[in-house]
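Morning, everyone. Please look at the sequence and the model while I talk.

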Amino acid sequence: MGYINAAHRGIAYGDGYLQGDGELGQLVKIAGNDLFAVNTDPATPSFGILIKGYKSGEMPGIYCMGGVYETDVFEGTVHAADLLKASTNGRLTAGIGEGDLAVAQAISVSGGTLKFRLLV
């Protein structure tokens, strides 16, 4: 089972509603007035990262505005200092390309755990 731990938490936003289901560690974008959706487009600005899984219509907890976190919910090969973006599954991944927006920076990766600094 995945986890996300706040080592040095930024802001935790807990207002609004989720459009569609979301899983722990997925990045979210603003989809409307107090409405959020999982962000599966690395070129679309992310608002933050889900604290846990939520069903459509629920009020999500979202880490945003910085902080340092660790998680086992990410995709691909990530190295320390890599800038991270949203994957097509809404998870953190490396490989920033032209037009992609960085949402985090890797601090360390060890034993399947990613420690990162949230940039959004």
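**Salt bridges**

Let me start with a charged pair. Arg91 forms a salt bridge with Glu75, and their closest N and O atoms are 3.4 Å apart. By salt bridge I mean a side-chain nitrogen of Lys or Arg within 4 Å of a carboxyl oxygen of Asp or Glu. This pair links distant parts of the chain: Arg91 is in the loop between β8 and β9, Glu75 is in strand β7 (residues 74–75), and they are 16 residues apart. Strands here are DSSP runs of E with at least two residues, helices are runs of H or I with at least four, and both are numbered from the N terminus.

Some ground rules. This is a predicted model, where local features need pLDDT of at least 70 and side-chain atom pairs count only at pLDDT 80 or more, while totals for chains, interfaces and linings use all residues. Residues are numbered from 1 along each chain as its sequence is written, and side-chain values use heavy atoms, with hydrogens and water left out.

Back to Arg91. Buried or partly exposed, which is Arg91? Arg91 counts as buried, at 19% relative accessibility. The cut-offs: buried is under 20% relative accessible area, exposed is over 50%, and partly exposed is in between, with a 1.4 Å probe and protein chains only. Glu23 has a relative accessible area of 45%, so Glu23 is partly exposed.

How many salt bridges does the rule give? The count is three. The remaining one to show is Lys85 with Asp100, at 3.0 Å from N to O. Shared partners join Glu23, Glu75 and Arg91 into one network.

**Aromatic pairs**

Now the rings. The structure holds five aromatic pairs. Rings of Phe, Tyr and Trp (its six-membered ring) pair if their centres lie within 6.5 Å; planes under 30 degrees apart are stacked, over 60 edge-to-face, and the rest tilted.

Take Tyr13 and Phe36. Their ring centres are 5.9 Å apart and their planes are at 70°, so this pair is edge-to-face. Tyr13 lies in strand β1 (residues 4–13) and Phe36 in strand β4, so the pair ties together parts that are 23 residues apart in sequence. Tyr13 is partly exposed, at 26% relative accessibility. Phe36 is buried, at 4%.

Tyr13 also pairs with Phe47. That pair is edge-to-face as well: 5.4 Å centre to centre, 70° between the planes. Phe47 lies in the loop between β4 and β5 (48–50) and Tyr13 in β1, so parts 34 residues apart in sequence are tied together. Phe47 is partly exposed, with a relative accessible area of 23%. Tyr13, Phe36 and Phe47 form one aromatic cluster.

The loop that holds Phe47 also holds Ser46. Ser46 is buried, with a relative accessible area of 10%. Its side chain makes a polar contact with the side chain of Asn39, at 2.8 Å. A polar contact is a pair of N or O atoms within 3.5 Å; within protein, one must be able to donate a hydrogen and the other to accept it, and residues adjacent in sequence count only if both atoms are side-chain atoms.

**Strand β4 and its partners**

Which strands does β4 pair with? Pairing takes at least two bridges found by DSSP between two strands. Strand β2 (residues 17–18) runs parallel to β4 (residues 35–38), with two bridges. Strand β3 (residues 27–32) runs antiparallel to β4, with four bridges. Look at Leu35 in β4. Leu35 is the bridge partner of Tyr17, and also of Gly32. The hairpin of β3 and β4 has two residues between the strands, and Asp34 there takes a positive phi near 50°.

**A surface patch**

Last stop. Leu83, Ile96 and Leu119 make a nonpolar surface patch of about 220 Å². Patches are made of residues with over 30% relative accessible area and no salt bridge; like charges are joined within 9 Å, and nonpolar side chains (Val, Leu, Ile, Met, Phe, Trp, Tyr) within 5 Å. Accessible areas come from the Shrake-Rupley method with a 1.4 Å probe, and for residues only the protein chains shown count as cover. Ile96 lies in the loop between β9 (92–93) and β10 (104–110). Ile96 is partly exposed, with a relative accessible area of 34%.
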